[in-house]
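User: Please take a close look at a single part of this model. Pick one stretch, and then show me how the rest of the fold is arranged around it.

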Amino acid sequence: MSRADEILGQLARPDRTRLSGHTAKGFDLLAERIAGYPVTPVVCYELRVAGRNRLIRFKLEGESPWRSIKGRTAIGLLASVLGRTTDRSALIESTSGNLGVALAALAGDLDLPFTAVVDDRLPSAMERRMRLAGADLQPADPGPDGTDGLSSRLRTVARLLAADPDALWPDQYGNLVNPLVHRVWTGPELLAQAPLAEALFIGASTGGTLAGISRAARAARPELKIVGVDVEGSRALGGPHGGRLLSGIGSSRVSGLCDQSTCDAVEVVSSRSGIVHCRAWQRATSLSLGGSGGAVLAAALRHLAAHPELTSVLCLCPDLGENYTDTIYDDAWVQAQGIAPDEPGMMEEPPHECKESDITPEFQRTPAAPRRGEP
Ligand SMILES: Cc1ncc(COP(=O)(O)O)c(C=O)c1O
């Protein structure tokens, strides 16, 4: 059995003999998408934190067909509903952007009409990509004052479902295939790429990525420290509700898919710190992380400063900076949020990229690469 069939078999176990031709073709297409999905790259940087050299790796989930980790989640969610589709079915899902981009493309391939319920925090790049893929974008119904975007989106989903008995809602917030896809696919892939990492930093929104990777890591490498990352104002990992500037990471609801027992530690950083670290890292290295990647980086730097025993960590980066050119990477937008465009992050000196082949297990790089600015 191919690896793609094995992954799909763990996500959904359809009785192929009882599927209609249309549905069986749908499963074949999902198996093809898994087979064609790249192993997303891991890049490694050396930098000094609290007086010690450390290694930070980034797993870049944006280097994938639909440009975010939600491509994997979308495949899993579709596998979980495909057996219930008929030729009248349509999909409805609430999305802050990335999931909608992947679902729009996959639903198009499967000839399933797709309605993405969105709110006004949707990044414009994601709106364009969903429309291009043929999705119908439904703005969330306005709620009473003080209602946040997610509550309004979920109320709108409920209204649309009540109006269409053939509509299907994959429900990324409660569907256990969301964490499962990261337990059987993303997690094992990541663990094989970073055998020497001592800690993983993973952001939470629905909590599916964090819960799934944590389960995979605890089964395979129980000594690996799992650090859940959230932003101030998000309730995803149980913090108090408040305003947030970043989209993608965080939620106005406590995650139903993970809790603090999923993690060995939780780091909560401000949206501001996430934005500052996206920009500071991009200035220093030209790698442009998405907002949640910046938040995860800020959390990792703070955690490393407090934990001198940690040398080598991995940050999971759900998407890249391309989605945030008119927000995080726009000087005027950043200034309007009261942030100086060139505010320095927590880096003590510029990080430099290193090749895996230059790193020995004890983190004695041979030969030592010259530091930036040195001859
Ligand atoms: C852009 C983006 N997509 C996806 C995720 C992961 O979300 P979830 O917890 O829903 O798996 C995050 C979380 O950090 C994110 O920032």
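Analyst: Happy to. Helices (H or I, at least four residues) and strands (E, at least two) are DSSP runs, numbered from the N terminus. Residue numbers start from 1 along each chain as its sequence is written. The model is predicted: local features need pLDDT of at least 70, side-chain atom pairs count only at pLDDT 80 or more, and totals for chains, interfaces and linings use all residues.

Let's zoom in on helix H5, which spans residues 124–132. Which residues of H5 are buried? They are Met126, Arg129 and Met130, where buried means 20 or more other C-beta atoms, placed from the backbone, within 10 Å of the residue's own, exposed means 12 or fewer, and partly exposed is in between. An α-helix has 3.6 residues a turn, so residues three or four places apart point the same way. On the face turned away from the buried side, H5 carries the exposed residues Ser124, Arg128 and Leu132.

What does the buried side of H5 pack against? Its partners are helix H4 (98–109), strand S4 (114–118) and strand S5, with contact meaning C-beta atoms, placed from the backbone, within 7 Å. S5 and S4 also belong to an open sheet of four strands in the order S5-S4-S3-S6, paired in parallel; two strands pair if DSSP finds at least two bridges between them. At the edges of this sheet, S5 (136–139) and S6 (167–168) each pair on one side only. Strand S3 (residues 90–94) is joined to S6 by two bridges, the two strands running parallel, and Ala90 sits opposite Ala167 in S6.

Now step back to the whole protein. An automatic or database assignment divides the protein into domain 1 (35–67 + 176–354) and domain 2 (70–168). The C-alpha centres of the two domains are 25 Å apart, and 24 residues of domain 1 touch 22 residues of domain 2. Helix H7 supplies the most to domain 1's side of that contact, with six residues.

H7 (177–193) turns up again at helix H1 (residues 3–11), where the cover over the buried residues includes H7, helix H2 (21–36) and helix H3 (70–82). In H1 the buried residues are Ile7, Leu8 and Leu11. Down the axis of H1 they lie within an arc of 95°, so they line one face of that helix.

Five of its five residues are buried, so S7 is largely enclosed by the rest of the structure. Ala199, Phe201 and Gly203 are buried on one side of S7, with Leu200 and Ile202 buried on the other. S7 runs parallel to strand S8 (residues 225–231), joined by five bridges, and Ala199 stands opposite Lys225 in S8.

Gly203 also leads us to the ligand: of the 18 residues around the ligand, Gly203, Thr206, Thr209, Gly248 and Ser292 come nearest, a residue counting as near if its C-beta atom, placed from the backbone, lies within 6 Å. Helix H8 (residues 208–220) contributes the most to this shell, with three residues.

Conventions: Arc of directions from axis to C-beta. Contact = placed C-beta atoms within 7 Å.
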